[in-house]
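Good morning, and thank you for coming. Please look at the sequence and the structure on the screen while I speak.

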Amino acid sequence: FSLSSIQRGPKASEHLKKHYKTFEEIKSQGLDALIITGANVSHPDLQRAPFYEQLKEVVEWSYENVTSTLCSCLATHAVLEFKYGQKRQPVGAKHWGVFPHKVVNRGHPLVKGVNTRFDIPHSRFNEISELQFAKAEVEVLAKSPIGVHLAVSPDLFRIVFFQGHPEYDAISLLKEYKREVALYLENNGTEYPPIPSNYLSLQSQAILEEYRTKLDSKKASIADFPEALITNKLDNTWHDSANAIINNWIGCVYQITNEDIAKPFMDGIDPNNPLKLKK
């Protein structure tokens, strides 16, 4: 389902009308689990986003009625602000690229079977810092030098927070880079976008630098962006770990919502309070 407060074009609106449910329908039918995806916003102050108040309503409902809610990137920032009083802060230069992360709480069932070090793409100008997560008493499960990626609410499962983008395909950052180049060409005075870190081979970086030189000399346009030359050289170094975490999350939800399972998926569940995991 989608929030009605988000403005859509005619084609997208028709698609939502045909294939999506309303929030009222979702509430009446109920959910075992919920994923809240991110969105592009035009202002760093999330309270100015048109969907902010409606998102609060969804999160408050899910907290009382859904076994676990997984928040992605901007949704994580919004929930940390209105539910835990932690307002996101600008990071200066954009955190953009693929970065290595380390599991810092190996005992939590969400990271069961996950590599102790794994990559995650990031694409953001703002962050909730590790100190802010601590102030909110949110448990950090995985982090990197550029910040926290994976964390869980104080009860250790009701809300799961992603600050990176494990859902990205191998080509997603390249598509974003192409979009940023197009915006640079449309808006005089903006800076040329940097190449995402730890993402492209030296050969691919050289191809993009040559393309920029042609742009600067007016010998190329966005139509000449060398996407086809780079796509088949991209590596995806995060999919398996991301998939494992999502599978663990679904397994945890299944365990909590099905009490008659013979072999529990999670040894860490407190049987007296299934939403309160043992630390």
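This is a predicted model: local features need pLDDT of at least 70, side-chain atom pairs count only at pLDDT 80 or more; totals for chains, interfaces and linings use all residues.

Let me begin with a question: which residues does H149 touch, not counting residues up to four places away in sequence? H149 touches H101, F118, I120, H122, A142, K143, F161, F162, Q163, G164 and P166. Contact here means heavy atoms within 4.5 Å. H149 lies in strand β6, and at 1% relative accessibility H149 counts as buried. Buried means under 20% relative accessible area, exposed means over 50%, and partly exposed is in between, with a 1.4 Å probe and protein chains only.

Residues are numbered from 1 along each chain as its sequence is written, and side-chain values use heavy atoms, with hydrogens and water left out. Helices (H or I, at least four residues) and strands (E, at least two) are DSSP runs, numbered from the N terminus.

I turn now to the sheet. Seven strands form an open sheet, in the order β1-β2-β7-β6-β5-β3-β4, with mixed pairing. Two strands pair if DSSP finds at least two bridges between them. The edge strands are β1 and β4, each of which pairs on one side only. From one strand to the next, the twist averages 30 degrees.

Consider some of the pairings. β1 and β2 run parallel and are joined by four bridges, and I35 stands opposite L70 in β2. β2 and β7 also run parallel, joined by four bridges; in β7, the bridge partner of L70 is V160. β6 and β7, by contrast, pair in the antiparallel sense over three bridges. There, A151 stands opposite F161 in β7.

How many of the residues of β2 are buried? Five of its five residues are buried. In a regular strand the side chains alternate between the two faces of the sheet. In β2, S68, L70 and S72 are on one side and T69 and C71 on the other, and both faces are covered.

Next come the helices that lie on this sheet. Helix α9, residues 239–257, has 19 residues, which at 1.5 Å a residue should span 27 Å; its end C-alpha atoms are 27 Å apart, which agrees. The expected span is 1.5 Å times one less than the number of residues. α9 lies across β1, β2, β4, β6 and β7 and runs at about 155 degrees to β2. The buried residues of α9 are S241, A242, A244, I245, N248, W249, G251, C252, V253, Q255 and I256. What covers them includes β1, β2, β4, β6 and β7.

Helix α3 also packs near our next topic, the meeting of two helices. Two packed helices are described by the angle between their axes and the distance between the axes. The axes of α3 (residues 52–65) and α4 (residues 74–82) come within 11 Å and cross at roughly 80 degrees. Axes are lines fitted to C-alpha atoms, for helices over the stretch in contact, and angles run from 0 to 180 degrees between N-to-C directions. Y52, L55, K56 and V59 of α3 make the contact with A78, V79, E81 and F82 of α4.

V59 is found in α3, and at 2% relative accessibility V59 counts as buried. Leaving aside its neighbours within four places in sequence, V59 is in contact with I36, V79, F82 and K83. The C-alpha atoms of V59 and C71 are separated by 9.6 Å, and these residues are twelve apart along the chain.

Finally, I would compare two loop residues. C73, in the loop between β2 and α4, has a positive phi of about 50 degrees although it is not a glycine. E137, in the loop between α5 and β5, has a positive phi of about 60 degrees, and it is not a glycine either. Are these residues buried or exposed? C73 is buried, with a relative accessible area of 7%, whereas E137 counts as exposed at 60% relative accessibility.
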